[in-house]
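Let's walk through this structure together, from the overall fold down to single residues.

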Amino acid sequence: MNETRSITIRTINFGEIEVPEEKILHFDEGIPGFPHIRQFAMLEFENLRPFSYLQSLADPPIALLVVNPFLFQPSYQFELGETDAGSLQAKKLDDVSVFVVATIPENSSEATINLMAPVLINEKNRRGRQVILLDSQYSVRHPLFAANTNGVG
């Protein structure tokens, strides 16, 4: 019988949570601003869909609200560079899930997503990487509920 292994993490927002090992993600270089944090868990809650939390395992206050950018910006696109693909052990962008960090202030109509720094996750090997799109037309504060445009903002 296969027993699913899990770990218990203490979070600021959700208290103690059991996380199955297959939900633990490894970021070789951490993420910008937090290079020392290498392990995260993707926390998904039915009442928050389509949003999820990228929760640090080492530093519980660090939890990034993330969402699939294509739900709000269908024309979003970028090239997966060789270094990024190598770090993720992915051959092409289709091999990874793409998320962006969302910021939702008290006035939710002012919510934004960071299209300039997508979070890429290879679901097969649970490796992640946040990439900075240099020379990008995208903004770090693109309005979440804007009409579908080219992402300039």
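A residue counts as buried under 20% relative accessible area, as exposed over 50%, and as partly exposed in between, using a 1.4 Å probe and protein chains only. Please keep in mind that this is a predicted model, where local features need pLDDT of at least 70, side-chain atom pairs count only at pLDDT 80 or more, and totals for chains, interfaces and linings use all residues. Residues are numbered from 1 along each chain as its sequence is written, and side-chain values use heavy atoms, with hydrogens and water left out.

Start with the overall fold. The protein chain holds one helix and eleven strands; here helices (H or I, at least four residues) and strands (E, at least two) are DSSP runs, numbered from the N terminus. In order from the N terminus, the elements read β-β-β-β-β-β-α-β-β-β-β-β. The C-alpha atoms fill a box of roughly 50 × 40 × 30 Å along the principal axes. The radius of gyration, taken over C-alpha atoms, can be compared with a globule rule of 2.2 Å times the number of residues to the power 0.38. For 153 residues a compact globule would come out near 15 Å, and the chain's 16 Å agrees with that. Of the 153 residues, 42% count as buried. If contact means heavy atoms within 4.5 Å, then residues 24 or more positions apart make up 48% of the contacts with a separation of 6 or more.

Now look inside. In soluble globular proteins, nonpolar side chains tend to be buried together. A nonpolar core is a set of buried Ala, Val, Leu, Ile, Met, Phe, Trp, Tyr and Cys residues joined through side-chain atoms within 4.5 Å. Which members of the largest core touch the most other members? Of its 30 residues, they are Val 19, Phe 51, Val 67, Tyr 76, Ile 113 and Leu 120. Strand 2 (15–20), strand 4, strand 6 (63–67), helix 1 and strand 7 each give two or more residues to this core, and strand 7 gives the most, with three. Leaving aside neighbours within four places in sequence, Phe 51 is in contact with Leu 65, Val 66, Val 67, Phe 72, Ala 102, Ile 104 and Leu 144. A second, separate core of 14 residues includes Ile 37, Ile 62, Leu 64 and Ile 121.

Tyr 76 also leads us to the aromatic rings. Rings of Phe, Tyr and Trp (its six-membered ring) pair if their centres lie within 6.5 Å; planes under 30 degrees apart count as stacked, over 60 as edge-to-face and the rest as tilted. The whole structure has eight aromatic pairs. Among them, Phe 70 and Tyr 76 are tilted, at 5.8 Å centre to centre with 55° between the planes. Phe 70 is partly exposed because its relative accessibility is 34%, whereas Tyr 76, at 3%, is buried.

Finally, visit the loops. Most residues other than glycine have a negative phi, and most peptide bonds are trans. Gln 89 has a positive phi, near 55°, and sits in the loop between helix 1 (82–88) and strand 7 (97–103). The peptide bond from Arg 49 to Pro 50 is cis, with omega near 15°; Pro 50 lies in the loop between strand 4 (39–44) and strand 5 (52–56).
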